[in-house]
Amino acid sequence: MARMSNLDIMKETDAFPYEDTEPEAYAALSKTLYTLVWKDGQPLGYMLDSVLAELLAVPESIRGPVTVDEAQRTVRAFEDATEPERTARVGALMAYWRERGTFAVLRGWRDELWPVYGSGDEVLYSVERSGTGMLGVARYGVHMVGYVVDEKASYGMRIWVPRRAANKSTYAGMLDNTVAGGLPTGEAPEACVAREADEEADIPAELVRARCRLTGTVTYVYITDERAGGEAGQVYPEMQWVYDMELPADFAPSPKDGEAAAFYLWSVEEVREQLALGRFKPNCALVLLDFFIRHGILTPENEADYEEIRRRMHRKLPFPGPHQTAQTSSSS
């Protein structure tokens, strides 16, 4: 595999073409997508035409009414009267697909519900985590970079990097951020990062409360490949709340729940080498570039593509949700 530049890393993660700078690629991809919209016309997600075909093949008693506008390439669905009814409707659809093996991605069923937002940050309904890509809705999570101050190391620090377990259903064996996880319906980001820190890295809650610092958010639109588990080409509009945590020199995170196989304490140069070799999970690589920007490691003076990198890690997502009002990262 050829070595990746920082911009290559960003383009792998923020992979959805830009209409203004990549019009031909944008038009070609758009021809394969339908926009899932709410009853007020608010876009909610990008659905592959192959998914729409399978949706229409499901009995209406399970999926509910579906309205397709072929001219506008829009889909309306899951418009039951209440949020619990809508969540149950989507849940029944996902279970139907799972039972029949319609989509391979649902083999990674997690029994976690993730929110789908409407206007005003209202949760319209919740979706099984592994099925969010079927609808192309925005996904949310937390990422924390843990580091140790080391005056003898370049840039005065070393970074704790875990390797994902070889048996994970997604991105198995790849490198990750110190702590990371998806944000389920009803959980606050600060509670999520504390829970994930305990579960994945055995970092005590009191240490997280004392040292973990929110730095902002990143947003991008990823397009899956085979490493994500299941069908390639799913559209993942994502926002991550980004945290830094200076860990004590005498503390080492360690695997606890089996999500991570091992943790390594690496210099900035070692991390950058692994980034260039494409060994990090893509969105984790993006978060590390954001970390490098905020800590003065990646600058306009040493990175010719600095402005495009910054733009791609703070992409404007066309869907409603917390990303519309959250503070961006790379500014501290």
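Predicted model: local features only at pLDDT ≥ 70, side-chain atom pairs only at ≥ 80, totals over all residues.
Trainee: Let's start with the open sheet of four strands. What order do they come in?

Mentor: The order is E2-E1-E4-E3, and the pairing is mixed. Strands E2 (43-48) and E3 (67-69) are the edge strands, each pairing on one side only. From one strand to the next, the twist averages 30 degrees.

Trainee: Which way do E1 and E4 run, and how many bridges join them?

Mentor: They run parallel, and three bridges join strand E1 (residues 33-37) to strand E4 (residues 74-76). To find one on screen, look at threonine 35, whose bridge partner in E4 is threonine 74.

Trainee: Which helix packs on that sheet?

Mentor: Helix H3, residues 49-57. H3 touches E1, E2, E3 and E4, and its direction makes about 95 degrees with that of E2.

Trainee: Moving on to helix H5. What span should it have, at 1.5 Å a residue?

Mentor: H5 covers residues 83-100, which is 18 residues, so it should span 26 Å. The C-alpha atoms at its ends are 26 Å apart, which agrees.

Trainee: And which residues of H5 are buried?

Mentor: Arg86, Thr87, Arg89, Val90, Leu93, Met94, Tyr96 and Trp97.

Trainee: What comes just after H5?

Mentor: Glycine 101, which takes a positive phi of about 65 degrees.

Trainee: What about the largest pocket, what volume does that have?

Mentor: About 800 Å³. It is lined by 45 residues, and those closest to its centre are Arg110, Arg129, Arg164, Thr170 and Lys281.

Trainee: Which elements give two or more residues to that lining?

Mentor: Among the strands there are E7 (139-149), E8 (157-164), E9 (179-182), E10 (212-223) and E11 (235-246). The helices are H7 (189-201) and H10 (282-294).

Trainee: Take E8 from that list. Is it largely enclosed or open?

Mentor: Six of its eight residues are buried, so E8 is largely enclosed by the rest of the structure.

Trainee: How does E8 pair with E7, and with E12?

Mentor: E7 and E8 run antiparallel, joined by three bridges. In that pair, valine 148 stands opposite arginine 158 in E8. E8 also pairs with strand E12 (residues 260-267) in the antiparallel sense, over seven bridges. There, the bridge partner of proline 162 is phenylalanine 263 in E12.

Trainee: Last one, valine 218 in E10. Buried or exposed?

Mentor: Its relative accessible area is 0%, and buried means under 20%, so valine 218 counts as buried.

Trainee: What is it in contact with, leaving aside neighbours within four places in sequence?

Mentor: The contacts are Glu238, Met239, Gln240, Val242, Leu286, Val287, Asp290, Met313, His314 and Ser329.

Trainee: And how far is valine 218 from alanine 285?

Mentor: Their C-alpha atoms are separated by 12 Å, with the two residues 67 residues apart along the chain.

Methods: Residues numbered from 1 in each chain as written. Heavy atoms only, no water. Pairing = 2+ DSSP bridges. Axes fitted to C-alpha atoms, helices over the stretch in contact; angles between N-to-C directions. Contact = heavy atoms within 4.5 Å. Expected span 1.5 Å × (residues − 1). Buried < 20%, exposed > 50% of the residue type's maximum accessible area, 1.4 Å probe, protein only. 1 Å grid on protein atoms, 1.4 Å probe; cavity = no way out; pocket = protein on both sides within 12 Å on 5 of 7 lines; lining within 4 Å. Points joined across faces, edges and corners; volume = space filled by probe spheres on them.
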